[in-house]
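Please open the model in your viewer and keep the selection panel at hand. The stops below go from a pair of helices to a group of rings and then to one further helix.

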Amino acid sequence: MPDLPSTSTTAVDLEGDPTEVVAAVWAETLGLDTVDPDAGFFDLGATSAMVVDVVRVLRPRWPGIKIVDVFACPTVAQLAAVLGDE
């Protein structure tokens, strides 16, 4: 898959617990201090462009992640459970 365009830069550590990694990427993308693992990404104000950024940032750790995964698993807890430690 080609590189995805980016509308922002993120410097989140991708090592560690999947739930913490996904929450940190979402918080950075949304400009929040923290993200509740059970809060919906779009309920927090995310846009489709932000989904692209999240996938681009998470892809080095989880190469198989797809944009549709964020739509299908719209909370940190759901997405982290699907991604696991591939």
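This is a predicted model: local features need pLDDT of at least 70, side-chain atom pairs count only at pLDDT 80 or more; totals for chains, interfaces and linings use all residues.

Residues are numbered from 1 along each chain as its sequence is written, and side-chain values use heavy atoms, with hydrogens and water left out.

Select α4, residues 76–83, together with α1, residues 18–30; helices here are DSSP runs of H or I with at least four residues, numbered from the N terminus. Their axes come within 9 Å and cross at roughly 130°, where axes are lines fitted to C-alpha atoms over the stretch in contact and angles run from 0 to 180 degrees between N-to-C directions.

Now show the side chains at this crossing: Pro18, Thr19, Val22, Ala23 and Trp26 of α1 meet Val76, Leu79, Ala80 and Leu83 of α4, contact being heavy atoms within 4.5 Å. By class, this contact has 8 nonpolar, 1 polar and no charged residues, with Ala, Val, Leu, Ile, Met, Phe, Trp, Tyr, Cys and Pro counted as nonpolar, Asp, Glu, Lys and Arg as charged, and the others, Gly among them, as polar.

**Second stop: the rings**

Next, select Trp26, Phe41, Phe42 and Phe71, which form one aromatic cluster. Rings of Phe, Tyr and Trp (its six-membered ring) pair if their centres lie within 6.5 Å, with planes under 30 degrees apart counted as stacked, over 60 as edge-to-face and the rest as tilted. The count comes to 3 aromatic pairs. Trp26 and Phe41 form a tilted pair, at 4.4 Å centre to centre and with 45° between the planes, and this pair links Trp26 in α1 to Phe41 in the loop between α1 and α2, 15 residues apart.

Trp26 is buried at 0% relative accessible area (buried means under 20%, exposed over 50%, partly exposed in between, with a 1.4 Å probe and protein chains only), and Phe41 is buried at 0% as well. The rings of Phe41 and Phe42 have centres 5.6 Å apart and planes at 70°, so this pair is edge-to-face; Phe42 itself is partly exposed, at 32%.

**Last stop: α2**

Finally, select α2, residues 48–58, where the buried residues include Val51, Val54 and Leu58. The buried residues of α2 pack against α1, α3 (67–72) and α4.

Note on methods. Helices (H or I, at least four residues) and strands (E, at least two) are DSSP runs, numbered from the N terminus.
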